[in-house]
Amino acid sequence: MEKATHVKIKDISVSFGGIVALSAVSFNVHKGELAAIIGPNGAGKTTLFNCIFGIYPPQSGDILVEGKSVKNLKPHKIAEAGIARTFQNIELFMNMTVIENLMLGRHMHIGAGFMSGALFYGRACREEISNREKVEEIIEFLEIEKVRKMRVSSLPYGIQKRIELGRALAMGPRVLLLDEPTAGMNVEETEDMARFIIDIKEEMDLTIMMVEHDMGVVMDLAEKIMVLDFGLKIAEGPPEEIAKNPKVIRAYLGEEEA
Ligand SMILES: Nc1ncnc2c1ncn2[C@@H]1O[C@H](COP(=O)(O)OP(=O)(O)O)[C@@H](O)[C@H]1O
Ligand SMILES: [Mg+2]
């Protein structure tokens, strides 16, 4: 049976002044698929995520998630549509503890529902208990029990990246956008992160879109790859095809041998 399309990117164009960051890019990701987006610096990868997340309105085109347009939605509506993300540069509350950061992820998910729940003390209380349970599950899943009560700022970079992943998971998403999840990590941290991403996909049944520079990680994890270069989609396909595509080698993969 043909898998259902979960995220449909249709002819998206974005420019900043004279710079065309994305030019009529289309891409479909199926439910439960792990798709990677690769390309040189400045290719438009983060811009695509920012578009999906409603940060930049595309000049043309549309983005459909589960068949509904998410264009121009406010952040809490994006969360309600089941989309969560991590950032290329970590965005956490550094002076708060790990648990507090993850609990904020839960509250983002609850949105207006949480506020109205607060009118009914009993219900709010029950919600808080179930939020706490969900957060503890994620902490266990990501193996960060030992640091759960520590301030994020006191933790190593690799663990901070894992906590950011935890915050996104705490939102209970159906689509997860990961912007360079292994950037700046050493070999061991990269392997851990790759393993967590595989486990998330398999155990939580999420659709994942991942921007990633480490080609080892991309080739191991991705079922489908889109290659961007100067805002244009220059290739799309399974990893084994992308790896030997001459255009891709010229624009991107060749870089690594230089
Ligand atoms: N907020 C912005 N204002 C102006 N230019 C931007 C902005 N965001 C991205 N760009 C430009 O758009 C292009 C694509 O950037 P980006 O999506 O961050 O690339 P990538 O993530 O692939 O490295 C770059 O030329 C970048 O300078
Ligand atoms: Mg980027």
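Ala, Val, Leu, Ile, Met, Phe, Trp, Tyr, Cys and Pro are counted here as nonpolar, Asp, Glu, Lys and Arg as charged, and the others, Gly among them, as polar. On that basis, the shell around ligand 1 holds four nonpolar residues, six polar and one charged. The model is predicted.

The shell around ligand 1 consists of Phe16, Ile19, Ala21, Gly39, Asn41, Gly42, Ala43, Gly44, Lys45, Thr46 and Thr47. Two elements, β2 (19-30) and α1 (45-52), each supply two or more of these residues. Helix α1 gives the most, with three residues.

One is an open sheet of four strands in the order β2-β1-β4-β5, with antiparallel pairing. Its edges are β2 and β5 (68-69); each has a single partner strand, so one side of each lacks a neighbour in the sheet. Within this sheet, five bridges pair strand β1 (residues 5-16) with strand β4 (residues 60-65) in the antiparallel sense. Ile9 has Ile63 of β4 as its bridge partner. Against this sheet, α1 touches β1, β2 and β4, and its direction makes about 65 degrees with that of β2.

The other sheet is open as well, with six strands in the order β6-β7-β8-β3-β9-β10 and mixed pairing. Strands β6 (83-86) and β10 (232-237) are at the edges, each pairing on one side only. From one strand to the next, the twist averages 15 degrees. Strand β3 (residues 34-38) and strand β8 (residues 207-211) run parallel and are joined by four bridges. Among the residues involved, Ala36 has Met210 of β8 as its bridge partner. On this sheet α1 touches β3, β6, β7 (175-179), β8 and β9 (224-229), and its direction makes about 150 degrees with that of β7.

On the α6 side the contact is made by Gly158, Lys161, Arg162 and Leu165, and on the α7 side by Glu189, Met193 and Phe196. By residue class, this contact divides into three nonpolar, one polar and three charged.

Methods:
Residues are numbered from 1 along each chain as its sequence is written. Chains are lettered from A and ligands numbered from 1 in the order in which they are written. This is a predicted model: local features need pLDDT of at least 70, side-chain atom pairs count only at pLDDT 80 or more; totals for chains, interfaces and linings use all residues. A residue is near a molecule or strand if its C-beta atom, placed from the backbone, lies within 6 Å of it. Two residues are in contact if their C-beta atoms, placed from the backbone, lie within 7 Å. Two strands pair if DSSP finds at least two bridges between them. Axes are lines fitted to C-alpha atoms, for helices over the stretch in contact, and angles run from 0 to 180 degrees between N-to-C directions.
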